[in-house]
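Here are some notes for a colleague who is meeting this structure for the first time. Please read them with the sequence and the model side by side.

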Amino acid sequence: MARVTKDTMIGDLLQIDQNVAPLLLNIGMHCLGCPSSQMETIAEAAMVHGIDPDDLVVEINTFLDSDLG
């Protein structure tokens with residue numbers, strides 16, 4: 001199963017499962033289409049948006065487990 005870490009790039013995450021986009025949009029990450037956001041890590045994106053990166057990684061991996069599993 002696909003697993004991500006805080007060091008996973010947003011662009012790589014979207015390649016793993018593009019269905020994760022609504023999850024990110026719902027927490028305020030509206031910059032997914034911006035080319036520079038593709039090169040940010042999950043941790044960097046979380047910090048910019050005031051979100052705990054560890055909690056976000058857990059939420060994303062839970063989503064990936066259910067969507068890809």
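The points below go from the overall fold to the salt bridges.

1. This is a predicted model, and it should be read as such. The chain has four helices and zero strands, so that from the N terminus on its elements run α-α-α-α, helices and strands being taken as DSSP runs.

2. With 69 residues, a compact globule would have a radius of gyration near 11 Å, and the chain agrees with this because its own value is 11 Å. Taken along the principal axes, the C-alpha atoms fill a box of roughly 30 × 20 × 20 Å.

3. Of the 69 residues, 38% are buried, and the accessible surface of the chain comes to about 4,000 Å², with 55% of that belonging to carbon and sulfur atoms. Among contacts between residues at least 6 apart in sequence, 69% join residues at least 24 apart.

4. The structure holds two salt bridges. In one of them, Asp-65 pairs with Arg-3, with the closest N and O atoms 2.8 Å apart; this pair links distant parts of the chain, since Asp-65 is in helix α4 (residues 53-68) and Arg-3 is in the segment before α1 (10-16), 62 residues apart. Asp-65 is partly exposed at 28% relative accessible area, whereas Arg-3 counts as exposed at 51%.

5. Another salt bridge joins Asp-54 to Lys-6, the closest N and O atoms being 3.3 Å apart. Because Asp-54 lies in helix α4 and Lys-6 in the segment before α1, the pair ties together parts that are 48 residues apart in sequence. Asp-54 is partly exposed, with a relative accessible area of 42%, and Lys-6 is partly exposed as well, at 34%.

Note on methods:
Residues are numbered from 1 along each chain as its sequence is written. This is a predicted model: local features need pLDDT of at least 70, side-chain atom pairs count only at pLDDT 80 or more; totals for chains, interfaces and linings use all residues. Side-chain values use heavy atoms; hydrogens and water are left out. Helices (H or I, at least four residues) and strands (E, at least two) are DSSP runs, numbered from the N terminus. The radius of gyration is taken over C-alpha atoms; the globule rule is 2.2 Å times the number of residues to the power 0.38. Buried means under 20% relative accessible area, exposed over 50%, partly exposed in between (1.4 Å probe, protein chains only). Contact means heavy atoms within 4.5 Å. Accessible areas come from the Shrake-Rupley method with a 1.4 Å probe; for residues, only the protein chains shown count as cover. A salt bridge is a side-chain nitrogen of Lys or Arg within 4 Å of a carboxyl oxygen of Asp or Glu.
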